[in-house]
Structure formats: C-alpha cells, structure tokens
Amino acid sequence: MKIIADTGKCVGAGQCVLTEPSLFDQSEEDGTVIVLDDQPQGELVEKAREAVHVCPSQALSLEE
C-alpha cells in the first residue's frame, strides 16, 4: 500500500497528523500535508486508512 497526498487539495486542517504523527506532518510554510512514510506496514496501515477517511479535503488516498 502507498499513501498518495494531493497538496493542491490539502487545506492544512491537520487531521492526518492528529491521526498518526509518525506518518504525517505539516509544512511550516503553508500547513499542507507532508507524508513521512508513504508505505506503512503493520498497524500503521489501519492508521493510514483512518487518516484518508478523516481528511476534510480528500487530499489523501491509498494505492493498494
């Protein structure tokens, strides 16, 4: 699985970071998402799915 982030859609809400800070961070410049680990393993896979679900701008997706 791979996490795909569309920074053009991202509004900087930070829900992904709150869901799993080891997978996501936010840019200091504009607050948009930064994917720290785009290929999560183990229990982080479920956290990635949760982050995709809670993203208000639908800027995150998963490629299986």
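A: Start with the surface. This is a predicted model, and the protein exposes about 4000 Å². Carbon and sulfur atoms supply 44% of that area.

Q: And how much of the protein is buried?

A: Of its 64 residues, 33% count as buried.

Q: What helices and strands does the protein have?

A: There are two helices and four strands. Along the sequence they follow the pattern β-α-β-β-α-β.

Q: How does the radius of gyration compare with the globule rule?

A: The radius of gyration is 10 Å, close to the 11 Å that the rule gives for 64 residues, so the protein is as compact as a globular protein of that length. The C-alpha trace spans about 30 × 20 × 15 Å along its principal axes.

Q: What about contacts, how many link residues 24 or more positions apart?

A: Such pairs account for 57% of the contacts with a separation of 6 or more.

Q: OK, the inside now. Which residues make up the largest nonpolar core?

A: Twelve residues: I3, C10, C16, V17, L23, F24, V33, A48, A51, C55, A59 and L60. Both α1 (15-19) and α2 supply at least two residues each to this core.

Q: Pick one. What does A48 touch?

A: Not counting residues up to four places away in sequence, A48 touches M1, I3, L23, P40 and L62. Of those, I3 and L23 are also listed in the core.

Q: New topic: the loop between α2 and β4. Is S57 buried or exposed?

A: S57 sits in that loop. Its relative accessibility is 18%, and buried means under 20%, so S57 counts as buried.

Q: What is S57 in contact with?

A: Setting aside neighbours within four places in sequence, S57 contacts K9, C10 and V11. With K9, a polar atom of the S57 side chain lies 3.2 Å from the backbone oxygen of K9.

Q: And Q58, buried or exposed?

A: Q58 is in the loop between α2 (44-54) and β4 (60-63). Its relative accessible area is 60%, and the cut-off for exposed is over 50%, so Q58 is exposed.

Conventions:
Residues numbered from 1 in each chain as written. Predicted model: local features only at pLDDT ≥ 70, side-chain atom pairs only at ≥ 80, totals over all residues. Heavy atoms only, no water. Buried < 20%, exposed > 50% of the residue type's maximum accessible area, 1.4 Å probe, protein only. Core = buried A, V, L, I, M, F, W, Y, C linked by side-chain atoms within 4.5 Å. Contact = heavy atoms within 4.5 Å. Polar contact = N/O pair within 3.5 Å; in protein donor to acceptor, adjacent residues only side chain to side chain. Rg over C-alpha atoms; globule rule 2.2 N^0.38 Å. Areas by Shrake-Rupley, 256 points an atom, 1.4 Å probe, with all protein chains shown as cover.
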